[in-house]
Each structure stands twice: as C-alpha cells, then as structure tokens.
Amino acid sequence: MRAGLQMARGLEPRVGQGTTSPTEAARATIRAFTEHDVPAAAALFARVYPEHGWTSQAACESYFREMLFDNPWRDLQLPSWVAEEDGNITGVQAVMPRPMRFRGRPVRVAVSTQFMVDPDKRHSLTALQLAKACLSGPQDLTLADGANDRSRRMWIGIGGTAPLLYSLHWTRPLRPARYVLSLLEGRSAFPPALTLAARPLAALADAGAARLRPNRFYREESELAEDALDPPTMLAHFPDVLDGNALQPVYDARSLAWLLEQTARKTRHGRLRARAVRDGGRRLIGWYLYYVQKGGVSEVVQIAARDGSFDRVLRRLLADAWRHGAAAVRGRLDPRYVQELSDRHCWFRWGHSWTLVHSRHADIMAAIHQGDAFLSRLEGEWWLRFLGG
Ligand SMILES: CC(C)(COP(=O)(O)OP(=O)(O)OC[C@H]1O[C@@H](n2cnc3c(N)ncnc32)[C@H](O)[C@@H]1OP(=O)(O)O)[C@@H](O)C(=O)NCCC(=O)NCCS
C-alpha cells in the first residue's frame, strides 16, 4: 500500500525544473523494448554518454543486442522498456532477468541497467514513467548496483530503498606508497613526470613495508593449495559457499559460463583471474575472482567461501594480488564478512554508486537490509561493459 502511494506520488509532475513541461512529457509512450529499437537506443546512448568507449555505433548496437536479447536469462515477461515520443526513442530502461532463490523458493529478479533519458527531455515525467514500468513488472525483486545519486533519489521516491551495506566498498592497500601515487595519478594532482619519477621511491618504501607485520604477503599457509577456477567447479560448489544466505543466485552451466566469459571481456580493469582455494585434503574451501592490475587497484568480482573459511580465502587473494604487482585490492562489501575484512586492514567507504532494491515482498527487503543476501558484482550490473570496455 505504501509503495503504491509512493508510486502515485512518483508520477506527480515536478514543475519548473527543465526544458520539457510535464504536459509535453506526458505524451511519451512507454512500451517494451524490441530488437527494432536497438539502433535508436544505441544512438540515444551515444548522446547521453558522448565519451563512451565504442569504436562504432554498430559495435554498441551489437552489445545491446547481445545483452538484452541473447542473454541466457531472457524472459519475455521481464522486458526492457523504451519511452517513445513522436516516433523517437527518448528514454531507455534496460532490464536483465536473473533467477535467484529466497529461503529455498525460486524468485525472479529484474536487474535494472542503462536507465537513461534524452538530454533534451530531462526533468519531465519520462524517467519516472520508465522506472515505474520497470518496477511494476511481475518480478519479486528489482535490483540495480551502479546507480548514481539522481537515480537513487528517484528510486526512493517511488518506493525503493538504497541499502547502504551493499553500497559500501572495501580497499586493502598492498603497496601503500604505490597506492597513494596511483591515486594522485588518477586525479592528475601532480605533473605526470613527477609521479613517474617518484615510482622507484615508492617501490623501495613498499618493499620495506611488506617485510613488516602485518604486511607479510611472502608468507602463506603451506597446507593450502590453489588451482584455476572454472564454471563447473563453481557450479558444483555453490551450495557449499552460498549456504546460510537467505537470497542466493541460481546458475546453470550455460548461464555461468556465459557470465564469466562476459566478465573476462571487461578488460579495462585488467585480466580476470579466477582461483579455487583448497585445504590440505584437496577440499575446496572457497574461491576468488579479481582483475589483475599491476601498479594499480585490482577490482574484486567475487569472493566465496565455506563457513569459517573466508579469512583464509581472503588472505590467499591478497597474497596473489601482491605477487601480481597490485597496489591495492578493492571489492564490494559482503556484509557477513565485515569482521574478517576489518581484521585484514581493509578500509570501508561508500563506493560512489548505489545498490538499489525494490520488492513488494517485505521479507526479501528485510533480508537484504540485514545483509542476508549473496549479491556479488556478478549478480547485478557491475560486470556489464556498456561503458568503457
Ligand atoms: C538518470 C536520468 C534517467 C533521470 O532522468 P531525469 O529526467 O534527469 O530525471 P528527473 O529530473 O525527471 O527526475 C529526477 C528527479 O525527480 C525526483 N523525483 C523522482 N520521483 C520523485 C518523487 N516521487 N517524489 C519526489 N521527487 C521525485 C528525483 O529526486 C530527482 O530530482 P533531483 O535530482 O532534482 O533531486 C537522467 O538524468 C539520465 O539519463 N542521466 C544520464 C544517464 C544516467 O546517469 N543514468 C543513471 C545511471 S544509474
């Protein structure tokens, strides 16, 4: 009921903000996104993100097609949406269906992505109409995990929430001096020649720091072993590592292989490295997936571990990233492991993008707000590469 009221409030016109009056905007028709809309959606994308990384419009169109119409979870009841005005596409709300399980029962999740409105049609009803169309589908949960502040405000206005726990990130500097340099380089705070000249000094300082406690990445637990992680291994062990989460993703061989292949193509973060961690008896205790980024920040895609093994898997990840030259490792918080991450000197910060959720099921919303959901960067939209390859 409350969500319904908020939804109604969400469709109230907001006057005096932009270039299009609410009366004009009300002419937008919201309908399901079809394959014929792909060229217009890609053209809109290019207007909304002029700095996008696509080499051609055709490449962008092909990615839209692949993600929205050829993904393994396609569900005609959970379509993407477009706003159309006078025969033109003026807004898009893309949706990627994902199957999950909540306390044992199957649930349908709609992952919201590529929410955009033509720059000439902003501050009208179009964005709200699109968001409302998406949220009012038959899914049990709607999820976005790369939302900006404007989308968050709108989402909350129409009955969704932004669980802070799933919007927090952790960072573990491995080479503190190099990490500080990479931050300065990223912000162009100093002339590049200066930061380049400082690299050997930073390397010296980091080599010394690594020999001091607690930065001893040389030392490893000798009884643990690692090998390459492949989709069949993950599939076979999901029940062990997801155990205890109220909300769990559901994969099959095809969808998991497809997802990992797509994730590996997101090369702007580096090369994807996926490792299984085993104990002395060769029993799998968990795994980690991250992008190797020498001299920079390695982004973690997923850490999964059996009950009681997270710390050991985390330590293996940190040691591996250190050996591959990472200045720091960064991941999204899995709320169950705040203690372990904190004990390993990880810093927590809001990560400049929001995870947003909306569900008519109070128990699903409550579970997420209690941190009782397995939502890694593979489960939302983070792995997609609409922007920047
Ligand atoms: C995000 C985007 C689609 C929003 O469209 P928009 O036309 O700019 O949005 P609007 O101005 O109509 O609506 C957003 C505003 O309505 C407000 N709003 C929405 N529903 C509301 C409600 N029920 N009650 C009160 N306020 C509400 C929001 O808070 C926001 O206002 P503010 O930014 O002034 O605080 C558009 O800005 C865009 O395409 N941006 C570029 C792409 C992008 O960033 N996409 C989002 C990625 S997560």
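Analyst: In helix α11, the buried residues (under 20% relative accessible area, with over 50% exposed and partly exposed in between; 1.4 Å probe, protein chains only) are F310, D311, V313, L314, R316, L317, L318, A319, D320, A321 and W322. The model is predicted, local features need pLDDT of at least 70, side-chain atom pairs count only at pLDDT 80 or more, and totals for chains, interfaces and linings use all residues. Residues are numbered from 1 along each chain as its sequence is written, and side-chain values use heavy atoms, leaving out hydrogens and water.

α11 is thus mostly covered, with 11 of its 14 residues buried. At 1.5 Å times one less than the residue count, residues 310-323 should span 20 Å, and because the end C-alpha atoms of α11 are 20 Å apart, the two values agree. After α11 comes G325, which has a positive phi, near 90°.

The ligand is surrounded by 22 residues (a heavy atom within 4 Å), and F115, V117, H123, N148 and R153 are the closest. Among the polar contacts (N or O pairs within 3.5 Å), a polar side-chain atom of H123 lies 2.7 Å from a ligand oxygen atom. R153 likewise places a polar side-chain atom 2.7 Å from an oxygen atom of the ligand. At G157, a backbone N or O atom lies 3.3 Å from a ligand nitrogen atom. The protein buries 84% of the 940 Å² that the ligand exposes when taken alone (Shrake-Rupley method, 1.4 Å probe). Elements giving two or more residues to this shell include β4 (105-117) and α5 (126-135), while α6 gives the most, with 5 residues.

How values were computed: Helix = DSSP H or I, 4+ residues; strand = E, 2+ residues; numbered from the N terminus. Polar contact = N/O pair within 3.5 Å; in protein donor to acceptor, adjacent residues only side chain to side chain.
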